[in-house]
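Welcome! Take a moment to turn the model around on your screen before reading on. The notes below will guide you through it, topic by topic.

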Amino acid sequence: MVVEARENGAAVAVAGDEAAAGKFTVKRGEPELVAPAEATPTGEKYYLSNLDQNIAVIVQTVYCYKPAAAAGEDDAVAVLRDALAKVLVHYHPLAGRLTISAEMKLAVELTGDGAVFVAADAGCDLADVGDLTKPDPTKLGQLVYSVPGAKNILEMPPMTAQVTRFKCGGFALGLAMNHCMFDGIGAMEFVNSWAETARGAAELTVPPFLDRTLLSARSPPVISFDHHEFAEIPDISDTAALYASQDLLYRSFTFDPDRLDRVRSLALVGADEDLLAGKRFTTFEALSGLVWRARTAALGLTPDQRTKLLFAVDGRQRFEPPLPKGYFGNGIVLTNAIATAGELLGSPVSFAAGMVREAVRMVSDEYMRSAVDYFEATRARPSLASTLLITTWSRLAFQGADFGWGEPAMSGPVTLPEKEVILFLAHGEERKSINVLLGLPATAMEAFQKLMDEI
Ligand SMILES: COc1cc(/C=C/C(=O)SCCNC(=O)CCNC(=O)[C@H](O)C(C)(C)COP(=O)(O)OP(=O)(O)OC[C@H]2O[C@@H](n3cnc4c(N)ncnc43)[C@H](O)[C@@H]2OP(=O)(O)O)ccc1O
């Protein structure tokens, strides 16, 4: 299935899926608050670090479970609701509400109100959800609860959960969680802790480490890097006009292990031996270089157009000392590479892959402390102007979300958050393939498709 989305974000299913979309109806019950099952600290503010401030957006994901005989007659709604109350004892800030602190930063008011939980029933089978490898916000959005009328994130709880029962006996868990509470690794540690609680575990394998003050800014702040992630690069190619004049088309490109091998080999052609230092490009470096270059070509950027690549690096083991196991908050930092379209397209993929490697290497303890201090001093947020933001979920432990009904049969995002974002998702047998998911104006997508077909 191909999914098209118009500029306003409303998606339209095409290629014969209208009928499926039509019979996809979900009836929600009354939302309820699920509070921690035991007393937790209340009445204080919970500190969020500067790395949490950068990315305060709601991430919506869906996990689908086939009917499982082994789970007996247990009602998924009751099991997930009870386990949520228990796991929130450990993750109690998720039961609070977002607020703005005296320093004008996001913080959590520890109210103990609880997470918003909704039970729902679908008028169809789980199979009608279709293929989660491409975002279909119209359909998948029905599986996730958004607080009606909320005008900003302060009016939305840190998390909502919806459990939708399908006629076939399968169910879907839809989550809307604010990225300021955790990054992908932290989010999966939470979901997997919730799942093991549902399976009856008395203790969590990875209890959350709640204290985020270890990522406090230095006083005074020390900015020791240029931090081009904040640079506003002018759109001299007028891509704005291209995006405005055409529909945005979403496509997902599968790279199986053989194709990934070819990408890694392609990235070696013309590679700088000093940069390689005997270590061939990783899958991430090679694939990111490939798609950065191909998207630049597909958008028809003029040779002098500067283009920025942004991506998150997990800083947990890069901090000195490393962050404690189970660190609850965002332990990621954005790094960047900037090149002109002329440089990218006038060189083989190895040039772009080399820039990706450099951008990863740059992320040291000092770089991350400097990024924390940059926010302290400027309150600036990374700019997406003339930018490609690659987000890699391919190693996130979605398969650990076994609430007693086995691994999710499929899981994925409801949508891509911005037109500048490309998502890498694990796919296929043993999760050894990578799906590259992106949206582009129709003509650019055709050009991108051609470039991918050559691999
Ligand atoms: C709020 O609710 C949410 C949120 C979310 C999601 C949020 C986000 O998206 S946050 C961002 C998520 N992404 C990350 O955290 C990126 C983590 N990855 C890194 O930091 C990487 O190091 C890198 C900077 C991307 C670079 O990767 P790479 O070039 O692959 O280098 P290495 O990681 O060092 O790997 C090199 C090599 O080592 C082997 N290896 C390493 N790790 C693994 C592994 N886990 N499994 C297998 N092998 C591994 C491997 O051989 C690597 O080389 P290859 O060539 O074989 O790849 C979501 C949901 C919500 O509700």
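## A guided look at the model

In this predicted model, the structure holds 19 salt bridges. One of them pairs Lys105 with Glu376, whose closest N and O atoms are 2.6 Å apart. Lys105 sits in the loop between strand E7 (97-100) and strand E8 (106-109), while Glu376 belongs to helix H12 (residues 365-378), so this pair ties together parts that are 271 residues apart in sequence.

**Two domains**

- The chain is divided into two domains: domain 1 covers 26-210, and domain 2 is made of 228-394 + 431-454.
- To contact each other, domain 1 contributes 33 residues and domain 2 contributes 25 residues.
- Taken over C-alpha atoms, the centres of domain 1 and domain 2 are 29 Å apart.

**Where the domains meet**

- How much area is buried between domain 1 and domain 2? The value is about 2400 Å², and carbon and sulfur atoms give 60% of this area.
- Between domain 1 and domain 2 there are 2 salt bridges.
- Polar contacts also cross the interface of domain 1 and domain 2, with 13 residue pairs found (both at pLDDT 80 or more).
- Which elements give two or more residues to the side of domain 1 that touches domain 2? They are helix H2 (50-53), strand E6 (58-65) and helix H5 (184-198).
- H2 provides the largest share of that side of domain 1, with 4 residues.

**Around the ligand**

- There are 20 residues around the ligand, and those that come nearest are Thr282, Thr283, Asp314, Trp393 and Arg395.
- Trp393 uses its side chain, where an N or O atom lies 2.8 Å from an oxygen atom of the ligand.
- For Arg395, a polar side-chain atom is found 2.9 Å from an oxygen atom of the ligand.

**Backbone details to look for**

- Follow the chain to Ser219 and Pro220, and you will find that the peptide bond from Ser219 to Pro220 is cis, with omega near 0 degrees.
- Pro220 is located in the loop between H5 and helix H6 (239-245).
- His227 is also found in the loop between H5 and H6.
- Another cis peptide bond joins Glu320 and Pro321, where omega is about -5 degrees.
- To find Pro321, look in the loop between strand E13 (306-314) and strand E14 (332-340).

Terms used:
Residues numbered from 1 in each chain as written. Predicted model: local features only at pLDDT ≥ 70, side-chain atom pairs only at ≥ 80, totals over all residues. Heavy atoms only, no water. Domains from an automatic or database assignment. Contact = heavy atoms within 4.5 Å. Buried area = accessible area lost by both parts, 1.4 Å probe. Salt bridge = Lys/Arg side-chain N within 4 Å of Asp/Glu carboxyl O. Polar contact = N/O pair within 3.5 Å; in protein donor to acceptor, adjacent residues only side chain to side chain. Near = heavy atom within 4 Å.
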